[in-house]
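Hi,

Here is the structure I promised to send over. Have a look first, and my notes follow below.

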Amino acid sequence: GTDYSYRFAEVWQLEQLASLRTRLLAVDGRDTAFKSLHVQLLLLQAIAREYPNTLSWFVEIISRDLALVVGRVRPTAASLAALETVLHALDRDDRVKRTLFTYRAETLNNGSPRLALGRPSRVVIPWEAVRRPFDLHRVNEVADMQAQYIEYADLPWPQRLEPFRDVDFGPFGELNDARAMQRYAAAMSVRQEARNAALVRSARIAIAIERARASNATAEIPKLIDPYSGEPMRVKRDDLSYVVYSVGQNRRDDGGHATLDVTFRPVRAGLSPNP
């Protein structure tokens, strides 16, 4: 009764093993860390194709692994080009809409009026005659809400975040009806996809910077849109390295702050990586 299967579990385990291998190779300074990271990205691409609503489970990890690899290993132009190809394919603006379509299909499939339980009987139960129209009304009501959320998903960033600004992600006590739960689920999907997009786009810009560094050329920063602000993603350089960042959930530029903004910073050999 779920979207997941043994295939999903196997691909997930392979991604975790590839991530561990990537980190070990990067700490050891081996060029093969880029090949291992490329395998991770290909596995993520396969997961995103069939299970788009699970992307956030992996993007954070891959972003950290990429920061470690580009900080510890001298890349080749071919390695960076291979990574950019997959990251470009993962940078899709229709993933939220696909996820919301899935939610709506599940509602229509699982929310049908319930049949009477027990042995077959010729006697019509009056309660069931009342319950069926009520169930149908609730299913249609939720489906109409989901159709509205799908329309919101067609809006550009950051406008698609606006309809869900007032959704409280606090205690679950108030989520005792289908409408509230569906609004919560839609808000979670839209907000998480904004973060996914920010992480993927910051990684793509970092790849462009590293490609320029590998060829001793001037970096041409791609004009990728920050999903939280609607403006280009930001790049800030300092004495140690650089940071690529999005303004994040608070919609305020905090200068590439590690927690207030959504950031990508290479982990150089002199720094200690977060495990």
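The second largest pocket comes out at about 440 Å³. A pocket here is an open set of points on a 1 Å grid over the protein atoms alone, where a 1.4 Å probe fits and protein lies on both sides within 12 Å along at least five of seven lines; lining residues have an atom within 4 Å of a point. Of the 20 lining residues, Asn-53, Tyr-103, Ala-185, Met-188 and Ser-189 are the closest to the centre. Two or more residues each come from α3 (56-72), α5 (95-110) and α7, with α7 giving the largest share, nine. (Helices are DSSP runs of H or I, at least four residues, numbered from the N terminus.)

This is a predicted model, so to speak of local features we need pLDDT of at least 70, and side-chain atom pairs count only at pLDDT 80 or more, while totals for chains, interfaces and linings use all residues. Numbering starts from 1 along each chain as its sequence is written, and side-chain values use heavy atoms, without hydrogens or water.

Now to Arg-204, which also sits in α7 (residues 178-214). Is Arg-204 buried or exposed? Arg-204 counts as buried because its relative accessibility is 12%, and buried means under 20% (1.4 Å probe, protein chains only). Its side chain makes a polar contact with that of Asp-91 at 2.9 Å; such a contact is a pair of N or O atoms within 3.5 Å, where one must be able to donate a hydrogen and the other to accept it. Arg-204 also touches Glu-84 and Leu-87, among others (heavy atoms within 4.5 Å). Both Glu-84 and Leu-87 are among the buried residues of α4.

Cheers

Notes: Buried means under 20% relative accessible area, exposed over 50%, partly exposed in between (1.4 Å probe, protein chains only). Grid points are joined across faces, edges and corners, and a volume is the space filled by probe spheres set on the points. Lists of a residue's contacts leave out its neighbours within four places in sequence.
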